[in-house]
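Student: Please take a close look at one part of this model, the place where the two chains meet, and then relate it to the rest. I would like a connected account with the cut-offs stated.

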Amino acid sequence: MKPFLPSERTAPKNTFGRTMIRSAIAMGRSLGGGDAVSVAEQEWPGDQETKAYFKQGADDFFRQRAASTITSTATSNVPTSTTLEILPTVLGPASCSGNAIQLSPNKLSFGNSSAIATAEVTASGAGFSFINQGSTFPFHQMALSQSLMTPKKLAFGLAVTDELYTHTNAEAFLTPVVARNLSLGMETVLLDAETETTTRPAGLKAGISATAADTGTGQDAVVNDLSNLASIVSAVSPNNFCFIMSP
Amino acid sequence: MHFLLRKPSDFKIPTFCSGALADGQVACLGLDAFMIAGGSVPRFEISKTATVVMDDAAGPISAVGTPNTVAAPISSAYQQNLVLIRFVADIDWQLRNASGFAWTENVTWGGAGE
């Protein structure tokens, strides 16, 4: 007879994030004796991914799991970071930051590099003209700007009692706690107005003033405000943008 | 929360909610202009024996100075029978162009002051 496993009833979908949460639970429960693989096998008998995670080692596991899905981005052939594959699944499906990561076509991997240099070309209509036969051809020197991305350490820690960890359905508790706290913490930084430092990336509001809100109300105000924002962003990201709102 | 705004055409605009935005704020992010880079593998690490400073903005446990300082509150996971969980990931993001993000505040969609 199949044993009744409360965690199976509430378990999230099989994702990298689930594997990581389960591995953390198994590691925590096994520190008092036994080993994490045994704990995982006993707790989630049908979960091959979590067992494989322990047997292969984290790096090998995610390298193998992610290799078939990540090869390129819209702007470069740098493979997508495994972190960026996993993080949205840890943040959960409702996470604004998790969705922004997933939707961005510009996902890059640091690999073994300490920095990634990115270039932006300022759009210009110069260098384009109709010319007569034999006339000199226009050549435009592009305006390029370079910026540097460097690994910033995202750190998140919490403490729970051993009783909560060992004697309850820790997965049902831990998954949403990690998802909500991590997601809100990340978005607090993502959506603030602080400039970049060596420790943290710039908030998206840094150096960008608020657009004046429409003074009307109701549906007209909704349409006008969204249109105003979209028209600004469409200049550099036409047909590929998202809205973010306070709940 | 995640929903889609739909124009009369089949153009869908993903829309998300975030508690990190103050009431009445709305933002628009150009995804083509949003670059994000990550390291290899994020890690969950567990300890039942570590001693940590229990603070949202924790400093070192102790620091040399005049006088020497000790942070508080310090907790021993071993002594208090706690499980400490930490998550580490290398990540960075950037806007390729300042026009890639726009935001507004004090919207009055439901009437003034909402």
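This is a predicted model: local features need pLDDT of at least 70, side-chain atom pairs count only at pLDDT 80 or more; totals for chains, interfaces and linings use all residues.

Tutor: A salt bridge here is a side-chain nitrogen of Lys or Arg within 4 Å of a carboxyl oxygen of Asp or Glu. Two salt bridges are counted between chain A and chain B. The side of chain A that touches chain B draws its largest share, ten residues, from strand β4 (residues 152-161) of chain A. Helices (H or I, at least four residues) and strands (E, at least two) are DSSP runs, numbered from the N terminus. By class, the residues on that side of chain A are 60 nonpolar, 26 polar and 13 charged. In this division Ala, Val, Leu, Ile, Met, Phe, Trp, Tyr, Cys and Pro count as nonpolar, Asp, Glu, Lys and Arg as charged, and the others, Gly among them, as polar.

Because A:Glu196 lies in the loop between α9 and α10 (218-233) of chain A and A:Lys152 in strand β4 of chain A, the pair ties together parts that are 44 residues apart in sequence. A:Lys152 is buried, at 3% relative accessibility, while A:Glu196 is partly exposed, at 35%. Buried means under 20% relative accessible area, exposed over 50%, and partly exposed in between (1.4 Å probe, protein chains only).

The interface as a whole puts 99 residues of chain A in contact with 71 residues of chain B, contact meaning heavy atoms within 4.5 Å. Between them the chains bury about 7800 Å², 66% of it on carbon and sulfur atoms. A:Leu204, A:Lys205 and A:Met245 provide 8% of the area that chain A buries against chain B, more than any other three residues. Buried area is the accessible area (1.4 Å probe) that two parts lose on being put together, summed over both. The rule for polar contacts finds 46 residue pairs across the interface, both residues being at pLDDT 80 or more. Such a contact is a pair of N or O atoms within 3.5 Å; within protein, one must be able to donate a hydrogen and the other to accept it, and residues adjacent in sequence count only if both atoms are side-chain atoms.

Strands also pair across the two chains. Strand β5 (residues 241-245) of chain A runs parallel to strand β2 (residues 12-17) of chain B, and three bridges join them. Two strands pair if DSSP finds at least two bridges between them. A:Ile244 has B:Phe16 as its bridge partner in β2 of chain B. In the loop between α10 and β5 of chain A lies A:Asn239, which has a positive phi of about 65 degrees although it is not a glycine. A:Asn239 is exposed, with a relative accessible area of 60%.

Over all chains, the whole structure holds ten salt bridges. One of them joins A:Arg22 and A:Glu171 at 2.8 Å, N to O. A:Arg22 sits in helix α2 (residues 16-30) of chain A and A:Glu171 in helix α9 (residues 170-190) of chain A, 149 residues apart. Both ends are buried, A:Arg22 at 0% relative accessible area and A:Glu171 at 2%. In chain B, B:Arg86 and B:Glu45 form a salt bridge, their closest N and O atoms being 2.5 Å apart. B:Arg86 is in strand β10 (residues 82-95) of chain B and B:Glu45 in strand β5 (residues 43-47) of chain B, 41 residues apart. B:Glu45 is partly exposed, at 22%.

Chain B also has two cis peptide bonds to report: B:Thr66 to B:Pro67, with omega about 0 degrees, and B:Ala72 to B:Pro73, with omega about -5 degrees. B:Pro67 is in the loop between β7 (62-63) and β8 (69-70) of chain B.

Residues are numbered from 1 along each chain as its sequence is written, and chains are lettered from A and ligands numbered from 1 in the order in which they are written. Local features need pLDDT of at least 70, side-chain atom pairs count only at pLDDT 80 or more, and totals for chains, interfaces and linings use all residues, while side-chain values use heavy atoms, with hydrogens and water left out.
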